[in-house]
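This report covers a core, a helix and an annotated site in turn. The sequence and the model come first.

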Amino acid sequence: MLALASCVDAAVASPPGYAVAWDGTVPTLESSSASGVSLSTNTTITTAWSPAHSSMLYRVDGWGAPYFTVNSSGNISVRPYGAETLAHQEIDLLKVVKKASDPNASGGLGLQFPLIVRFSDVLKNRLETLQSAFDFAIQSENYEAHYQGVYPVKCNQDRFVVEDIVKFGSGFRFGLEAGSKPELLLAMSCLCKGSSEALLVCNGFKDAEYISLVLVARKLHLNTVIVLEQEEELDIVINVSRKLRVRPVIGLRAKLRTKHSGHFGSTSGEKGKFGLTTTQILRVMKKLEQHGMLDCLQLLHFHIGSQIPSTALLSDGVREASQIYCELIRLGACMKVIDIGGGLGIDYDGSKSQDSEISVGYSIEDYAYAVVLAVKSVCDRNGVKHPVICSESGRAIVSHHSVLVFEAVSVSSNESAEIPSFGLQYLLEQLTDDALADYRNLSAAAIRREYDTCLVYAEQLKQRCVQQFKEGSLGMEHLAAVDGLCELMSKAIGISDNVRTYNVNLSVFTSIPDFWGIGQLFPIIPIHRLDERPGTRGILSDLTCDSDGKIDKFIGGESSLPLHELEGNGSVNGHGGKYYLGMFLGGAYEEALGGVHNLFGGPSIVRVMQSDGPCSFAVTRAVPGPTCGDVLRVMQHEPALMFETLKHRAEEFSDIEDANGGMSLASGLARSFNSMPYLVSSASCSLIAANGNNAHLYCNEDTFASAADSVAAEDEKWSFCAA
C-alpha cells in the first residue's frame with residue numbers, strides 16, 4: 001500500500017490557484033499606492049524591512065492621517081496637532097503605554113490592560129479643524145451668518161471628554177446636544193463653564209420632566225432649544241412653558257425624502273425613527289400660531305444619516321432642508337438656525353471611498369463647503385436671510401483622540417502536522433472498507449497531481465474516521481493520525497490554513513461592541529515592532545466564554561491580520577516580551593455601548609497632553625479600570641458581604657496547624673475583589689491592590705508645566721485622590 005510520504009512527495013509542487021494568501025512579502029515602495037497596499041499581495045521586496053513597509057501594509061497613512069504615523073523606531077507616533085505637528089512634538093505611543101502600565105516602583109502608574117489612551121490635543125485639533133473649515137467656506141462664499149456646532153454627548157459621555165470640548169470650543173460658541181434626561185443634566189452643568197452663546201440642542205423623546213429641565217435651563221441663562229421629534233411633544237411644551245412662565249425656543253426635526261443606503265442611513269428618509277412629516281410640520285405651525293407662539297419656532301433640524309458617503313448626497317439633503325427652512329419663514333416662523341445634524345464621516349480604512357460604509361470620499365473642508373454652498377444657494381433663491389449653521393458632528397470630533405491598547409497574551413501553536421509514532425500502517429488496519437477505499441483514491445489522486453480530487457477524498461476519509469470514532473471502533477490516536485494525514489496533504493498542495501489565533505487581554509463585547517453588534521471595522525495594528533517583518537497572520541480571540549468573542553474581519557476586506565511572533569509565548573503565562581495591539585478611531589460610541597458580558601468591565605484610562613519635556617508628553621489623568629467588585633455591584637451583588645462569607649469559610653477550613661492560613665486566604669480574596677477582571681502577569685499581582693478601589697491618579701492641569709518637565713524622571717511624584 002502506498003505510504004504517506006509518497007503521497008506528500010507527489011504533491012510537493014503547489015498547483016495554480018492554491019497559493020497562500022500572504023507569504024510575508026510586500027510590494028516595493030514604488031509600486032504601492034498612497035492609500036496603502038493589499039495585505040494579500042505577494043510581490044517580493046529585496047530590501048530590508050522598514051517602518052515604511054509596515055505603514056503601507058497596515059494602511060496607516062490612509063486611515064491615520066494626519067494624527068498617526070510609524071516612526072523610525074518602529075512604533076506608532078501620535079501627531080497631536082495634526083499636519084502642523086513638529087517632529088519634536090510627536091508622541092511615541094509605546095512610551096505612553098509603558099508609563100501607564102509599568103509598576104510604580106519603576107516609575108510607572110501601575111495601570112492594568114486593556115487601556116484607553118486619550119490625546120486631548122487631538123480632540124482640540126479636531127474641533128479647531130471643523131470650525132476652521134466652516135469659517136473658510138463662509139468667507140469664501142460671502143455667507144452672511146456664522147457656524148456654531150454642538151457636540152452630541154451620546155458619542156462619548158465621559159466627563160473629561162465633554163468638559164474638554166466645552167473648554168476648547170468656548171472661543172467659537174461650541175455647544176452640546178443631549179438626547180436624554182441624564183445627558184441634559186450633564187450638558188447643563190458643563191455649559192455653565194462654556195460660552196453664553198453656545199447652543200444646547202435637546203433631542204430625543206420627551207416627557208414633561210425632560211421639557212421642564214430644558215425650560216429651567218433657560219432660567220439659568222443657558223441657550224436651550226427644544227427640538228420636536230414627535231408631534232405630540234408640542235402640547236407638553238405649551239403646557240409646561242405656561243406653568244413655568246418661560247418662553248421656550250423651539251426647533252423641529254423634519255423627515256427628509258433624501259436618505260442614503262446602508263446601515264447608517266436607516267434613521268433617515270420618510271420612514272425614519274424621528275422627525276415630522278410635511279403634514280405634521282404644517283399642523284405644528286398652525287397650533288403655534290393659535291397659541292401666539294409662532295415666534296418661538298427658530299430652528300430646523302434634520303439628519304441624513306451617519307457616515308454620509310459623498311458630498312453629492314450631502315448637498316442634496318441640505319438643499320431639501322434649506323427649502324423647508326425657507327417655507328417655514330414664508331409661513332411666519334422666526335427662523336434663525338438650520339441644524340444639519342450628524343453625518344460627517346471618517347475614513348476607517350483609508351480607502352477614501354464613496355461606496356463603503358466605513359469610508360467617505362471627502363475631507364472636512366469638502367463637507368463644510370458643500371453645506372455652506374447648498375444653504376446659501378437655496379436661501380438666495382428664496383430671498384431669505386442666511387441662517388446660522390449648526391452641526392452635530394460627534395463621530396468626527398471624538399473618534400481620533402482615543403486609542404484602545406491591549407496585549408496579545410498567547411497564540412495558538414503552529415507546529416507541523418505529524419503522524420503518531422505507532423505509524424500509518426496501524427491506522428490503516430483499523431479502517432473500514434469504505435475508508436480504505438478513500439485512502440487509496442487519495443493516494444492515486446496525489447500521484448496524478450489531481451489536487452481538487454485529493455481534497456474531496458481527504459475530507460471523505462476524515463468524516464468516515466470521525467464516524468468510526470463516535471461508534472467506538474477507532475481510538476483517539478487513530479483520529480489524530482487521520483487529522484495529521486489530512487493536514488500534511490493540505491500543506492503539501494499549498495492550501496493549509498496558516499492563520500493563527502492570538503488570544504488578547506480584552507472583551508470584544510465591552511471594548512469593541514460595534515464590531516460584534518453591527519460589524520463595524522476599526523483599524524487594528526501592532527503599536528510597536530513595526531520595523532520587523534510580520535511572520536504570520538492571525539485573528540484575535542478575546543477572554544470571554546463566547547464564540548462571538550473574536551475579531552476575524554479587518555479593514556481592507558481581510559479575514560486575518562499580519563502579526564509578529566510572540567516572544568517567549570507571551571507576557572502572562574509565558575516569560576517573553578509584551579506584544580501590544582492598538583484599535584484606532586474608536587473614540588465614539590464604544591465606551592458607552594460596552595456591556596459587562598462575563599463580568600469584564602471597562603478599560604483603564606490615561607489622559608495625555610503634549611509637552612516640551614524629554615518624552616514629549618505628560619499624563620494629566622489616570623483612572624484604573626473597574627474592579628471585580630465594581631462589576632459585581634452592577635449586577636446587584638454585594639462584594640463586602642460576599643467577602644465576609646468567603647472569609648468565614650476560609651477561617652473554618654484553613655489548616656489547623658497553620659494559624660495564619662485563614663488570614664492569608666482572606667487577604668488574597670480581598671485583593672481579588674479589588675483587582676480588574678482581566679489577566680495579569682504573576683509579577684504584577686502584588687501591585688493591583690496598591691491603588692485601592694475606585695481611585696484616581698491625576699496631575700492638576702494648573703501644575704501641568706512642572707509635571708511635563710518631570711514625566712521621565714525616576715522620582716516623579718503623582719498626586720493621589722480617592723474617588
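Which residues does Tyr151 touch, not counting residues up to four places away in sequence? The model is predicted. In it, Tyr151 touches Asn156, Val161, Val162, Ile165, Phe174, Gly175, Leu176 and Glu177, as well as Gly394, Ile397 and Val398.

Tyr151 also belongs to the largest nonpolar core, which has 157 residues. Together with Phe134, Leu540 and Phe584, Tyr151 touches the most other members of that core. Helix α12 (residues 364-382) supplies the largest share of this core, 10 residues. Another core, of 22 residues, lies apart from it, and Leu427, Tyr439, Cys486 and Met489 are among its members. In soluble globular proteins, nonpolar side chains tend to be buried together.

Helix α9 comprises 12 residues, 233-244. At 1.5 Å a residue the helix should span 16 Å, and because its end C-alpha atoms are 16 Å apart, the expectation and the model agree. The buried residues of α9 are Glu233, Leu234, Val237, Ile238, Val240 and Ser241. They pack against the elements in the table.

| Element packed against by buried residues of α9 | Residues |
|---|---|
| α8 | 208-219 |
| β8 | 223-228 |
| β9 | 250-253 |
| α10 | 278-290 |

Just after α9, Arg245 takes a positive phi of about 55°.

The annotated site is Cys545, which the unreviewed UniProt entry marks as "active site". Cys545 is placed in the loop between β16 (536-541) and β17 (550-551). Is Cys545 buried or exposed? Cys545 counts as exposed because its relative accessibility is 72%, and exposed means over 50%.

Definitions and conventions. Residues numbered from 1 in each chain as written. Predicted model: local features only at pLDDT ≥ 70, side-chain atom pairs only at ≥ 80, totals over all residues. Heavy atoms only, no water. Helix = DSSP H or I, 4+ residues; strand = E, 2+ residues; numbered from the N terminus. Expected span 1.5 Å × (residues − 1). Buried < 20%, exposed > 50% of the residue type's maximum accessible area, 1.4 Å probe, protein only. Contact = heavy atoms within 4.5 Å. UniProt positions renumbered as here; feature names shortened; annotations may be inferred. Core = buried A, V, L, I, M, F, W, Y, C linked by side-chain atoms within 4.5 Å.
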